[in-house]
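Please look through the sequence and the model before reading the notes.

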Number of protein chains: 2
Amino acid sequence: MTRIVIVEDKKPIRDGLRVLLSATDGIECMADYGNCEDMLSQLEADRPDVILMDIGLPGMSGIAGTREAKKILPDTTVLVLSVYDDDENIFQALCMGASGYLVKNTPPARLIEAIKEAHEGGSPMSANIARKVVNLFRKKLAGSVESDVHLTERETEVLAGLSDGHSYISVADALFISVDTVRYHIRNIYQKLEVHSQSAAVSKAIRKGLI
Amino acid sequence: MTRIVIVEDKKPIRDGLRVLLSATDGIECMADYGNCEDMLSQLEADRPDVILMDIGLPGMSGIAGTREAKKILPDTTVLVLSVYDDDENIFQALCMGASGYLVKNTPPARLIEAIKEAHEGGSPMSANIARKVVNLFRKKLAGSVESDVHLTERETEVLAGLSDGHSYISVADALFISVDTVRYHIRNIYQKLEVHSQSAAVSKAIRKGLI
DNA sequence: ATATCAATCGCATGAATATGCAGTTTTCCA
DNA sequence: TGGAAAACTGCATATTCATGCGATTGATAT
């Protein structure tokens, strides 16, 4: 049995969802809410397995609502059901803890399937949403791979130290080497990354996924 | 009609897939290969819409094969079909251009559905793969949101300049302000980010998604 | 209307960095 | 066993940074 709650401001839609889902075997609809604030206040009483969450809501958005809900019940699964399918909303919702994302014209059968899938550890997404997630993934994390440059272990340690705010001296102390050796590594790092300053090195290295 | 090719080293599996997919309406199986090299050499002749790609292959891996295939035919869609479901393989495959990822015990009906979905612009993923992708997404990109600290526009410009390797003087020139004003902004940036060096500031800012 | 914030500019100085040149040791593979 | 790669050390110095203190201006908010 999957316990769910619904957060959706438009009453006809909310009622429709409630009727549909209440009538479904294996799903128990604990409650439905028109906004996040009400849902959050009852969250610990409802203890849903899955929260069916709209994005465009009066007051707190579904994005923020997702974040807050995960704070209160980290084990609950948020499944976004939204008309918005732009990168920014998808990105934000997933980063805030949503585990699935469906567009609103999802057929009832698929919705039911998705709720069960979400509860069982999947991440149901509408086809075009999934593609967008994959593309976002690639776009944001590109360069993390195939970076033609490779830093040695020591170089990585040194650079990581700098990016943590350490000076040459404190890096040297931490690695039990002399300051001149730190300098030596830095030179090599600069050559490899083709830069001439710490900031540029740190920036490039992070963007390439080297540190 | 969806044109596909199969890349899978184990012949029984490859033959099984070929038989299954050849018999499916709407799918035309152009060829099947035991390794990426052969597939790549025939890619322009086959012109598949979807490449069904194994990961663990003799010679070039499916990951590298995906990258090469996308170089030759950028519009082709790669659908990974692998026994591996670890973060690293998923991550690499998606970054190299795969648009879908299924585990090998996927039932035939789902596989067929996935091929069509992939061809139509979706990104079919097995349930647990999808969840892993979402979690990876969050893990790698977390902090890009909710960063309690906010840099002003000017501060962002200054910090971006530094991360690009510019000195105070060149940043000042670029922004038509004096070096002392650059210093002023840097101070404020350091305070907000609670750091005392460029490297730490750049590092924190990037990880928080501020620049 | 006054307070707050962002942005601008200036000066000063000890501390840290970038980079040139010149070596030795360790490790690991062919 | 010889040779490349990585790691290590040293010294010198012009340049750049980090941060102390002080001041003015415009805009926005209360």
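Which residue of strand 4 of chain A is the bridge partner of Val50(A)? The partner is Thr77(A). This is a predicted model, in which local features need pLDDT of at least 70 and side-chain atom pairs count only at pLDDT 80 or more, while totals for chains, interfaces and linings use all residues. Residues are numbered from 1 along each chain as its sequence is written, and chains are lettered from A and ligands numbered from 1 in the order in which they are written.

**Chain A as a whole**

- Chain A has 10 helices and five strands; helices (H or I, at least four residues) and strands (E, at least two) are DSSP runs, numbered from the N terminus.
- Chain A has a radius of gyration of 24 Å, well over the 17 Å that the globule rule gives for 211 residues, so it is more spread out than a compact globule.
- That radius is taken over C-alpha atoms, and the globule rule is 2.2 Å times the number of residues to the power 0.38.
- The C-alpha trace of chain A spans about 70 × 35 × 30 Å along its principal axes.
- Of the 211 residues in chain A, 43% count as buried (20 or more other C-beta atoms within 10 Å of the residue's own, with C-beta atoms placed from the backbone; exposed means 12 or fewer, and partly exposed lies in between).
- Among contacts in chain A between residues at least 6 apart in sequence, 62% join residues at least 24 apart; two residues are in contact if their C-beta atoms, placed from the backbone, lie within 7 Å.

**Strands of chain A**

- Strand 1 (residues 2-7) of chain A pairs with strand 3 of chain A in the parallel sense, over four bridges; two strands pair if DSSP finds at least two bridges between them.
- Within this pairing, Ile4(A) has Val50(A) as its bridge partner in strand 3 of chain A.
- Strand 3 of chain A is also joined to strand 4 of chain A by four bridges, and these two run parallel.
- In a regular strand the side chains alternate between the two faces of the sheet.
- Both faces of strand 3 (residues 50-53) of chain A are covered, with Val50(A) and Leu52(A) buried on one side and Ile51(A) and Met53(A) buried on the other.

**The sheet of chain B**

- In chain B, five strands form an open parallel sheet in the order 2-1-3-4-5.
- Strand 2 (27-33) and strand 5 (98-103) of chain B stand at the edges with a single partner strand each, so one side of each is left without a neighbour in the sheet.
- From one strand to the next, the twist averages 20° (axes are lines fitted to C-alpha atoms, for helices over the stretch in contact, and angles run from 0 to 180 degrees between N-to-C directions).
- Strand 4 (residues 77-82) of chain B is joined to strand 5 of chain B by five bridges, and Leu81(B) has Leu102(B) as its bridge partner in strand 5 of chain B.

**Two helices of chain A**

- Among the buried residues of helix 4 of chain A are Ile90(A), Phe91(A) and Leu94(A).
- The cover over the buried residues of helix 4 of chain A includes helix 6 of chain A and helix 6 (127-141) of chain B.
- Gly97(A) follows helix 4 of chain A and has a positive phi, near 120°.
- Nine of the 10 residues of helix 10 of chain A are buried, so this helix is largely enclosed by the rest of the structure.
- The buried residues of helix 10 of chain A pack against helix 7 and helix 9 of chain A together with helix 7 and helix 10 (198-207) of chain B.
- Gly209(A) follows helix 10 of chain A, and its phi is positive, near 75°.

**Where chain A meets chain B**

- In chain A, 36 residues are in contact with 36 residues of chain B.
- Helix 6 of chain A gives the largest share of the side of chain A that touches chain B, 10 residues.
- That side of chain A has 16 nonpolar, 14 polar and six charged residues (Ala, Val, Leu, Ile, Met, Phe, Trp, Tyr, Cys and Pro count as nonpolar, Asp, Glu, Lys and Arg as charged, and the others, Gly among them, as polar).

**Around the DNA**

- DNA strand D is surrounded by 19 residues, and the closest include Thr152(A) and His196(B); a residue is near a strand if its C-beta atom, placed from the backbone, lies within 6 Å of it.
- DNA strand C is surrounded by 19 residues, and the closest include His196(A) and Thr152(B).
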